[in-house]
Amino acid sequence: MTKKFTRRQFGQTTASAVAAGALIAGTAPFNIGRAQGRVLKIGSIHPRSGFQAQLGLACQRGVDIAPRVLKALGMNAEVEIMNADTESNVDIARSRAEKLVNDGANVLIGAFDSGQSAAIAQVAEQKGVPYIINVAAAPQITEQGYKFVFRNFPTAPMLVGDGLNLMKNVFDKSGVTPKTAVFMHANDTFGQSMAGAIKAMAPRFNLPFQIVETISYDPQAKDLSVEIAKAKATGAEMVMPVTRLNDAILLIREMVKQRWEPKVIMSPGAPGFYEGQFYRTLGKYSDYLLTNVPWYNPRAAITQKLLDEFSKTYKNELFELNVGFSFEAMMVAVDAFNRAKSTNGRELADAIRATKITDHVMAGGTLEFDAKGQNVNIKSVTLQNIGQKPKVVLPLDVSEDNLLLPMPGWTKRG
Amino acid sequence: MPIELVLNVTLQGLLTGLVYGLMALGLSVIFGVVRVVNFAHGEMMTIAMYGAIVAFGAWQIDPLVAMVPIAALLFALGYVMQAWLINPFINRPEHSQFMLLAAVAIVMVNALLMIFGPDARTTLVDYALDSVEIGPLLADKVRLITAGLALAITAGLFAFFKLSRTGKAIRACADNYMGALTVGLNVKQLYAFTFGLGSACVGAAGAMMVLLIDVTPNLGPAFTLQAFVIVIVGGLGSMPGALLGGVLIGLSEALSGLFFAPSAKSMFAIALLILVLLFRPQGLLGKKA
């Protein structure tokens with residue numbers, strides 16, 4: 001026997017279902033609010049495989065070491081780290097961020113790369129989960145009016161502004177002033193942002209050199225012989241590279257092979273020259289190269305604590321900016337959680353927005369965010385590779401070693 | 001633009017192209033005889049590169065010396081793969097063969113990741129950064145050596161197929177499968193031998209390549225793609241075609257980088273591939289099916 005289902009009954013059933021659904025949906029956030037609050041689940045999302053793997057793993061070390069160090073500093077909080085790998089790919093970064101949020105991450109931290117960070121920022125904003133960018137410089141990420149995205153890393157214009165200023169200081173201090181330069185950059189989101197910023201800002205800085213050629217190349221290139229031959233043919237006295245790690249190695253290797261010895265090789269603010277893999281691969285050829293980047297303050301007490309713990313945990317790894325900024329991202333998350341006493345996305349975001357940390361690792365002023373979610377107090381330093389280690393040589397108030405210029409030729413290095 | 005610059009870049013492109021050619025040679029040899037496209041080609045090359053890294057790291061054996069045992073090991077790997085794994089798929093549809101070898105490639109990449117981790121590795125031989133002056137030209141010593149070896153290996157392989165009895169038997173299998181069976185050739189064994197030879201070429205190329213670029217487990221797919229572009233341009237199954245394809249791709253990358261934008265180098269290589277597919281689908285030295 002079949003029972004007839006009238007239009008009236010259908011209407012009543014549908015209305016009841018909708019009402020029940022609305023009730024569940026309406027109370028769900030409160031249930032979550034009640035259930036959460038004891039453990040902060042941090043989604044750490046980095047390129048742990050693919051061509052950026054070494055850099056992503058460096059960031060991961062900063063994340064992994066943070067709970068122990070923060071506890072020692074009195075920032076007690078129960079933290080669960082959920083790891084995800086972007087595979088150095090923007091689309092995978094987006095889907096992994098979605099998975100982390102669906103699996104219950106309360107905060108996201110990452111992602112070293114600008115393209116990947118921009119994709120994660122969209123997910124974080126859409127899902128209402130705070131996202132703290134540890135390393136990524138493309139300015140547009142914090143120009144979208146996002147409410148859940150915070151960046152404790154300089155934008156490309158900030159990097160370039162500091163980088164160009166420091167260049168003039170380097171020339172003043174050393175007495176070596178190149179007249180011409182070649183600008184070489186990886187053709188990715190970060191490289192293009194830096195190129196755009198240099199093009200826009202260089203005229204304002206009254207630089208003593210002229211950029212005679214700009215050469216962009218594939219960041220995954222396996223050979224830079226043509227690029228270096230082209231740059232060498234300009235006869236420029238300085239090379240300004242914006243690299244990643246693998247291309248930085250290729251670039252110097254090819255310069256040695258082609259016997260090109262410019263007076264100065266100075267990055268206006270990019271990774272590559274100060275990474276452990278760079279020193280291991282190039283040995284003596286890694287020395288005397290300069291990079292103007294945000295860096296840890298070697299004289300800060302908290303840095304020393306972090307350095308001690310890092311060298312105990314990772315005996316063969318180098319402590320550098322990726323570790324420092326990733327640690328600070330964790331610090332911001334835990335500090336906000338302790339103040340908000342909640343894992344609710346909006347409350348956590350409000351707490352992060354109110355961050356004010358004066359005693360921190362990276363050089364610069366108070367760690368805080370402006371209305372756009374950007375920390376504008378980060379300052380770059382000039383690093384020089386000395387004895388196959390990065391040393392701060394300028395500004396003098398945080399310096400660890402003396403600036404050595406002009407660079408000795410490739411063949412004059414023992 | 002100074003003529004020295006153009007000549008230098010052309011020489012670099014030529015030398016790089018010859019190494020590319022050797023890299024793709026194995027793929028072409030295997031397809032030419034067994035009619036199976038080795039989708040794990042780049043991954044096998046990455047294994048060879050790690051072999052050279054281990055030999056150098058553990059026993060300080062120069063990659064150019066380690067090339068011989070590595071090629072022998074890759075020969076054994078290829079022989080076993082063909083005899084035990086690929087042979088049952090010889091008469092199955094092409095998509096089954098593709099799935100099998102793509103799966104093998106994934107296993108290889110992940111095994112390398114588990115063993116060596118994602119960090120880039122390299123060998124620091126004394127002559128790695130040396131250059132040789134030839135008149136106004138400055139040639140990278142490593143590229144010069146590897147290009148010479150690539151030519152020698154290709155010539156040796158060519159002579160083997162033309163002059164030796166086994167080589168002739170393999171060519172007979174490639175020309176007429178049924179005929180080869182009828183005259184009593186052990187086709188299964190010859191196929192395995194050919195796959196081994198192709199793999200040995202990849203092994204030699206990998207041992208040389210480690211002197212030019214750092215190796216990570218994820219390099220494999222990029223090498224596979226590049227080898228495909230080269231053999232399709234040169235003609236799938238043609239040994240001289242693989243070398244020609246390599247040289248053309250090497251030159252097109254170098255000259256497009258010089259005259260246009262270096263970041264567009266790969267675009268020109270792919271454009272060359274499209275042109276060949278449009279106007280000579282069998283490849284420059286390939287035979288019409």
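**Entry 1: a parallel pair in chain A**

I started with strand β9 (residues 264-267) of chain A, which two bridges join to strand β10 (residues 290-294) of chain A in parallel fashion. A:Met266 sits opposite A:Leu290 in β10(A). For my own bookkeeping, strands pair if DSSP finds at least two bridges between them. Helices (H or I, at least four residues) and strands (E, at least two) are DSSP runs, numbered from the N terminus.

Housekeeping before I go on: this is a predicted model, where local features need pLDDT of at least 70, side-chain atom pairs count only at pLDDT 80 or more, and totals for chains, interfaces and linings use all residues. Residues are numbered from 1 along each chain as its sequence is written, with chains lettered from A and ligands numbered from 1 in the order in which they are written.

**Entry 2: the sheet around that pair**

Which strands make up the open sheet, and in what order? I read seven strands of chain A, ordered β7-β6-β8-β9-β10-β11-β12, with mixed pairing. β7 and β12 of chain A are at the edges with a single partner strand each, so one side of each has no neighbour in the sheet.

**Entry 3: the β11-β12 end**

Here I found strand β11 (residues 380-385) of chain A running antiparallel to β12(A), joined by four bridges. A:Asn385 faces A:Pro390 in β12(A). The two strands form a hairpin with four residues between them, and A:Gly387 in the turn has a positive phi of about 60°.

By the cut-offs, a residue is buried if 20 or more other C-beta atoms lie within 10 Å of its own, exposed if 12 or fewer, and partly exposed in between, with C-beta atoms placed from the backbone.

Most residues other than glycine have a negative phi, and most peptide bonds are trans. I therefore listed the exceptions.

- A:Leu394 and A:Pro395 are joined by a cis peptide bond, omega about -5°; A:Pro395 is in the segment after β12 of chain A.
- A:Gly110 and A:Ala111 are also joined by a cis peptide bond, omega about 5°; A:Ala111 is in the loop between β3 (107-110) and α4 of chain A.
- A:Ser88 is not a glycine, yet its phi is positive at about 60°. I place A:Ser88 in the loop between β2 (79-85) and α3 (90-102) of chain A, where A:Ser88 is buried with 27 other C-beta atoms within 10 Å.
- B:Gln60, another residue other than glycine, has a positive phi near 55°. B:Gln60 lies in the loop between α2 (41-59) and α3 (63-86) of chain B and counts as exposed, with 9 C-beta neighbours inside 10 Å.

**Entry 4: chain A, zoomed out**

I count twelve helices and twelve strands in chain A. Its radius of gyration (over C-alpha atoms) is 24 Å, close to the 22 Å of the globule rule (2.2 Å times the number of residues to the power 0.38) for 414 residues, so chain A is as compact as a globular protein of that length.

The domain assignment, automatic or from a database, gives domain 1 (40-155 + 298-379) and domain 2 (157-294 + 381-412) of chain A. Their centres, over C-alpha atoms, are 27 Å apart. Contact (C-beta atoms, placed from the backbone, within 7 Å) involves 23 residues of domain 1 and 24 residues of domain 2 of chain A. On the domain 1 side, α2 and α4 (114-127) of chain A are the elements giving two or more residues.

Chain B has eleven helices and two strands, in the order α-α-α-α-β-β-α-α-α-α-α-α-α from the N terminus. Buried residues make up 53% of its 289 residues.

Where do the chains meet? The contact takes 29 residues from chain A and 28 residues from chain B. On the chain A side, α7(A) gives the largest share, six residues. That side divides into nine nonpolar, eleven polar and nine charged residues. Here Ala, Val, Leu, Ile, Met, Phe, Trp, Tyr, Cys and Pro count as nonpolar, Asp, Glu, Lys and Arg as charged, and the others, Gly among them, as polar.

Methods
Contact = placed C-beta atoms within 7 Å.
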